[in-house]
Amino acid sequence: MLSKQLRGVETVTQLLTTMLSNSNQDELKHHYLKLTQIFVTLLDFRNLHHDSMIDEDIMKGEHMVFDAFSVLLMKSSEILFRPLYFAIYDWSVTNENGTNQLQIHRLITFYRLSALISNKLGSLFAIFANIFYKHACKLLSELNEPTVIFGEVNFEHVVSVNDHIIDCITALLKHDNNRYLEKSKFEALHQPLVAHLSNKYDDIDVYRERMEAHIIPCIAQFSVSCYDDSWRRQVVQSILELTKNKVWIVRLSALKTLSKIHQLLGEEFMVFLAESIPYFAELLEDENGEVENMCKTVIVEIEKTLGEPINKYF
């Protein structure tokens, strides 16, 4: 049974969906300012109820809002949608009570919504991405010290906003076919993104899950999206350096990231083989069995692509 708050959201979003579905673009244009105000209010659902509702119900409410928003999205032109999206971004980054602390729940909602928009619009999403890109890179960097930007918050929420930013960037890069990454964008994202391989502010099981589901796919997609070979080499080199990390699970994640990059690049990965060999040689003697076995797996994968053994290079 739905709670009072969920029933209210369900009623409003059903009415909105019906109205939007039966309206053409010219009709929507006359009501866009009001629609912006309505959706900004609805999107505050998580921020308003995170203390009083369970996560499952919050997700249900947001999905109702996102479904209605998707109808408006697909009926909007770029000229109409840009100011709406900017208004939602501005709402999400407004500081709380005049302080310097951001509202983490609004950011979770914004980046969840942005990933959805990216998957809906595909390559067209890149024309709106500049609205949030610098902010996302800055947040990824600052999330190593979350209390500075959010105050005292639940670390589950910190992990959540981090992973939704990552997912949003992954979706952006996955659909990009117009070389969205220019030099300044590459430099802004490279170090903050790769650094999250060694960010262990949760237990090992949660860390493993996050790496597999969010961080590793994003870094791999980032490397694929680097159309300049020197940028891609920087990414691979920074990951290779992490295979020397003193924490075994970080070394393991670095190897898994290299495996994923190789999987996506195929033969193009071979240009990094020479600099990778010394790291592989060391990892084959790693004190942790899981790391050693993962290194052997990566080598076998590379040999399949290369068509010959690589032990002669050791």
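These exercises, each with a worked solution, explore a predicted model of one protein chain.

## Exercise 1: The whole chain

Find how many helices and strands the chain has, and what share of its residues is buried.

Solution. 
- The chain has 17 helices and zero strands.
- Take the extent next. The C-alpha trace spans about 70 × 40 × 40 Å along its principal axes.
- Turn to burial. Of the 314 residues in the chain, 52% are buried.
- Finish with contacts. Take those with a sequence separation of 6 or more: 72% of them join residues 24 or more positions apart.

## Exercise 2: Helices α1 and α3

Decide whether α1 and α3 are roughly parallel or antiparallel to each other, and list the residues that meet.

Solution. 
- Locate the helices. Helix α1 covers residues 4-21, and helix α3 covers residues 32-42.
- Read the geometry. The two pack at an angle of about 150°, and their axes are 12 Å apart.
- Apply the cut-off. Angles over 145 degrees count as roughly antiparallel. α1 and α3 are therefore roughly antiparallel to each other.
- Check the hand. The crossing of α1 and α3 is left-handed.
- List the residues. From α1 come Val 12, Thr 13, Leu 16, Met 19 and Leu 20. They meet Leu 35, Ile 38, Phe 39 and Leu 42 of α3.
- Sort them by class. This contact of α1 with α3 holds eight nonpolar residues, one polar residue and no charged ones.

## Exercise 3: Helices α5 and α6

Describe how α5 and α6 pack, and sort the residues in their contact by class.

Solution. 
- Begin with the geometry. α5 and helix α6 (residues 78-93) pack at an angle of about 150°, with axes 11 Å apart.
- The crossing of α5 and α6 is left-handed.
- Name the residues. On the α5 side are Phe 69, Leu 72 and Leu 73. On the α6 side are Phe 81, Leu 84 and Ile 88.
- Sort them. The contact of α5 with α6 has six nonpolar residues, no polar ones and no charged ones.

## Exercise 4: Salt bridges

Say how many salt bridges the whole structure has. Then work through the pairs of Lys 60, Arg 112 and Glu 268.

Solution. 
- Side chains of opposite charge can pair when their charged atoms come close.
- Count. The whole structure contains 16 salt bridges.
- Take Lys 60. It pairs with Glu 56, and the closest N and O atoms are 3.9 Å apart. Both residues lie in helix α5 (residues 55-74). They are four residues apart, about one turn of the helix. Lys 60 is partly exposed, at 37% relative accessible area.
- Take Arg 112. Its side chain meets that of Glu 62 in a salt bridge, at 2.2 Å from N to O. Arg 112 sits in helix α7 (residues 104-121) and Glu 62 in helix α5, so the pair ties together parts 50 residues apart in sequence. Arg 112 is buried, with a relative accessible area of 12%. Glu 62 is also buried, at 2%.
- Take Glu 268. Its partner is Arg 232, with the closest N and O atoms 3.0 Å apart. Glu 268 lies in the loop between α15 (248-265) and α16 (273-283), while Arg 232 lies in helix α14 (residues 229-242). The two are 36 residues apart, and the pair links distant parts of the chain. Glu 268 is partly exposed, at 47% relative accessibility. Arg 232 is buried, at 8%.

## Exercise 5: Two histidines

Work out whether His 262 is buried or exposed. Then find where His 50 lies and what it contacts.

Solution. 
- Apply the cut-off. Buried means under 20% relative accessible area. His 262 has 6%, so it is buried.
- List its contacts. Beyond residues up to four places away in sequence, His 262 touches Phe 269, Met 270, Glu 301, Ile 302 and Thr 305.
- His 50 is partly exposed, with a relative accessible area of 24%.
- List its contacts. Leaving aside neighbours within four places in sequence, His 50 is in contact with Ile 58 and His 105.

How values were computed
Residues are numbered from 1 along each chain as its sequence is written. This is a predicted model: local features need pLDDT of at least 70, side-chain atom pairs count only at pLDDT 80 or more; totals for chains, interfaces and linings use all residues. Side-chain values use heavy atoms; hydrogens and water are left out. Axes are lines fitted to C-alpha atoms, for helices over the stretch in contact, and angles run from 0 to 180 degrees between N-to-C directions. Angles under 35 degrees count as roughly parallel, over 145 as roughly antiparallel, 65 to 115 as roughly perpendicular and the rest as oblique. A crossing is left-handed if the near helix is turned anticlockwise from the far one by less than a right angle, and right-handed if clockwise. Contact means heavy atoms within 4.5 Å. Ala, Val, Leu, Ile, Met, Phe, Trp, Tyr, Cys and Pro count as nonpolar, Asp, Glu, Lys and Arg as charged, and the others, Gly among them, as polar. A salt bridge is a side-chain nitrogen of Lys or Arg within 4 Å of a carboxyl oxygen of Asp or Glu. Buried means under 20% relative accessible area, exposed over 50%, partly exposed in between (1.4 Å probe, protein chains only).
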